[in-house]
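Have a look at the fold below before reading on. We'll walk through it from the whole chain down to single residues.

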Amino acid sequence: MNDKADFTQGSILKKLIAFMMPVLGALILQAAYGAVDLLVVGRFGSTSGLSAVSTGSQVLNLVTFVVIQFAMGITVLIARYLGEKRPDQIGSVIGGSAVVFTMIAACLFIVMVGFAHPISVLMQAPKEAVDLTSVYVRICGGGIFFIVAYNLLSAIFRGLGDSKSPLLFVFVACISSIINIVGDILLVGGLGMGTAGAAIATVTAQALSVVFAVILLIKKKLPFKITRKDFSLNSQCKKFLKIGLPLALQEFLTQMSFLALCAFVNRLGLEASSGYGVACKIVNFAMLVPSALMQSMASFVSQ
């Protein structure tokens, strides 16, 4: 393992900040997806469309943030094996996590696509926005495999620990954000697809980011090998589940409180629902700094 990936040597603060900043950049760009959807739909769409994106984004945030915290178990385990100078164990961690997260994505796909309308009703979406909210949730649910894969790859990159990986991932996130912005403008502003166009642009951007991230992971000189046998429910699964499940449960309860508040605000009408969505995006951006520090510290402390 080279010195850049070794947090156990050298200046603590210098390496931590150098590692945290690219992570923060990637998080900001990922959070920009929902913000851009709101901005473009608010500019070219209707108030009901803005309310639909606002409510649908809250549901998507629940899924995304829980997956991110769940994947923290993988980050911790990979970083731990690097710190222990046992990189030969990492291949089975990645293989096992790919199987587990594929199963999770399949379950989320069924729930979000099959129950999009009941979810929208449960969220107390204004009557004028129920159908649009269902469309947004259903399309995002259709692309949930890409969203889960993106965050799984992010966890792997963070676990590997060197500063180049997060920087490369920021590059990937930049390209994806540009694709999302262009897609929103073309589909929502140009073709008038409204909420559906915003959701399609978001899923497309996530899909392309997964492709770019996989290419980077393949081309990167890794300190371990991944074999076909690694892709199974192996012994490493229990280890990262033990770490990730409590974090995911904590995040789930936190996000449920936001969903409950969103449902309450939705009962006040379209304007209140739209305003709440915009305010939540601002709050989300503010919370990215401690989130980036937490994720960086996970890699640091695990080594």
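What follows starts with the overall architecture, moves on to helix packing, and ends with a few individual residues.

Keep in mind that this is a predicted model. The secondary structure is simple to describe: the chain has 11 helices and zero strands. Going along the sequence, that reads α-α-α-α-α-α-α-α-α-α-α. The radius of gyration is 19 Å, close to the 19 Å that the globule rule gives for 303 residues, so the chain is as compact as a globular protein of that length. Along the principal axes, the C-alpha atoms fill a box of roughly 60 × 35 × 30 Å. Of the 303 residues, 53% are buried. And if you take the contacts between residues at least 6 apart in sequence, 83% of them join residues at least 24 apart.

Now for the packing. Two packed helices are described by the angle between their axes and the distance between the axes.

Take its pairing with helix α6 (residues 144–160): the two axes come within 7 Å and cross at roughly 30 degrees. That angle makes α2 roughly parallel to α6, given that anything under 35 degrees counts as such. The crossing is right-handed. On the α2 side, the contact is built from L60, V63, T64, V67, I68, A71, I74, T75, I78, A79 and L82, and these meet I144, I147, V148, N151, L152, A155, I156, R158, G159 and L160 in α6. By class, the residues of this contact divide into 16 nonpolar, four polar and one charged.

Next, look at how α2 sits against helix α11 (residues 288–302). I68, Q69, M72, T75, V76, A79 and R80 of α2 meet M294, Q295, A298, S299 and S302 of α11. That contact has six nonpolar, five polar and one charged residues. If you follow individual side chains, you'll find I68, T75 and A79 of α2 in the contacts with both α6 and α11.

α11 also packs against α10 (residues 270–286). The axes of α10 and α11 are 4 Å apart, with an angle of about 40 degrees between them. In this contact, N284, F285 and A286 of α10 meet L288, V289 and P290 of α11. Five of the residues involved are nonpolar, one is polar and none is charged.

With the helices in place, let's zoom in on some residues. Beyond its neighbours within four places in sequence, S51 is in contact with P126, A129, L270, S273 and S274. S51 and E271 are 220 residues apart in sequence, yet their C-alpha atoms are 7.6 Å apart in space.

From K281 to S54 is 227 residues in sequence but 9.0 Å in space, C-alpha to C-alpha.

I139 makes for a contrast. You'll find I139 in helix α5 (residues 130–142), and at 24% relative accessibility it counts as partly exposed. Leaving aside neighbours within four places in sequence, I139 is in contact with A196, A199, I200 and V203. I139 and L245 are 106 residues apart in sequence, and their C-alpha atoms are 27 Å apart in space.

Finally, a word on the backbone. Most residues other than glycine have a negative phi, and most peptide bonds are trans. K85, though not a glycine, has a positive phi of about 60 degrees. K85 lies in the loop between α2 and α3 (90–114). Q124 is another non-glycine residue with a positive phi, near 60 degrees. Its place is the loop between α4 (116–122) and α5, and at 36% relative accessibility Q124 counts as partly exposed.

Conventions
Residues are numbered from 1 along each chain as its sequence is written. This is a predicted model: local features need pLDDT of at least 70, side-chain atom pairs count only at pLDDT 80 or more; totals for chains, interfaces and linings use all residues. Side-chain values use heavy atoms; hydrogens and water are left out. Contact means heavy atoms within 4.5 Å. Helices (H or I, at least four residues) and strands (E, at least two) are DSSP runs, numbered from the N terminus. Ala, Val, Leu, Ile, Met, Phe, Trp, Tyr, Cys and Pro count as nonpolar, Asp, Glu, Lys and Arg as charged, and the others, Gly among them, as polar. The radius of gyration is taken over C-alpha atoms; the globule rule is 2.2 Å times the number of residues to the power 0.38. Buried means under 20% relative accessible area, exposed over 50%, partly exposed in between (1.4 Å probe, protein chains only). Axes are lines fitted to C-alpha atoms, for helices over the stretch in contact, and angles run from 0 to 180 degrees between N-to-C directions. Angles under 35 degrees count as roughly parallel, over 145 as roughly antiparallel, 65 to 115 as roughly perpendicular and the rest as oblique. A crossing is left-handed if the near helix is turned anticlockwise from the far one by less than a right angle, and right-handed if clockwise.
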